[in-house]
Amino acid sequence: MTATEAYELTTQGGATDFAKLIQACESFGPYCLIGGLAVNSYVEPVYTLDADLVVTASSLIALSAHLREQGFGTEEHAHSLNATAPGSELRIQFTTDERYQAFLKRSTYAEVLGVRVRVACVEDITQGKLWAYGDPRRRHPGEVRLPIRWRLSKRKKDELDLIRLAEAHPRLKPLYPAELRDQIERG
């Protein structure tokens, strides 16, 4: 069984939905993967249900309408537009954070889940992970009362992705905060 077939099975159609998503993104201008699936294209992959993307800000409304026409549900949030396909476990999130717009011009193609996809360059993925890792809303829940979606586990996943990237691409380590660099050096 291929990784794509396993993903299709465990996400109840997530690989098929991912292919539809990428086909739609290709039709609406520049886009790129920026989250865990993007990290997986640069290091040994780990399982994730999330597909995090950035698209040209001006095309997001039309892309969202197109996805709804294709049967996807969409929800707008403060810093993202989320999409899901009925019955699928694939969680799609388009960031609306303007900092990610610059990633589009430096993205490159890679194969992800059997699909040719634009992926942010490794330096940009690292920067995005550093922003997420440093987000005070992802600190330990005891530090501040937070909504459930800002769990410590999300910060730890970002930390793990950063460690995986540094192990595969040591030149990235100088970008990391001292606490994380020290942890990586201690191994």
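Of the 187 residues of the chain, 45% count as buried (under 20% relative accessible area with a 1.4 Å probe, protein chains only; exposed is over 50% and partly exposed lies in between). The model is a predicted one, in which local features need pLDDT of at least 70 and side-chain atom pairs count only at pLDDT 80 or more, while totals for chains, interfaces and linings use all residues. Residues are numbered from 1 along each chain as its sequence is written, and side-chain values use heavy atoms, with hydrogens and water left out.

The fold contains 8 helices and 7 strands (DSSP runs of H or I with at least four residues, and of E with at least two, numbered from the N terminus). Contacts (heavy atoms within 4.5 Å) with a separation of 6 or more come to 60% from residues 24 or more positions apart.

Turning to the aromatic rings, the structure holds 4 aromatic pairs (Phe, Tyr and six-membered Trp rings with centres within 6.5 Å; planes under 30 degrees apart are stacked, over 60 edge-to-face and the rest tilted). One of them is the tilted pair of Tyr7 and Tyr47, at 5.7 Å centre to centre and 50 degrees between the planes. Tyr7 belongs to helix H1, whereas Tyr47 lies 40 residues away in the loop between helix H3 and strand S2. Tyr7 is buried at 5% relative accessible area; Tyr47, at 49%, is partly exposed.

Tyr100 and Trp131 also pair: their ring centres are 5.1 Å apart with planes at 80 degrees, so this pair is edge-to-face. Tyr100 is buried, at 10%, and Trp131 is partly exposed, at 23%. Together with Phe103, Tyr100 and Trp131 form one aromatic cluster.
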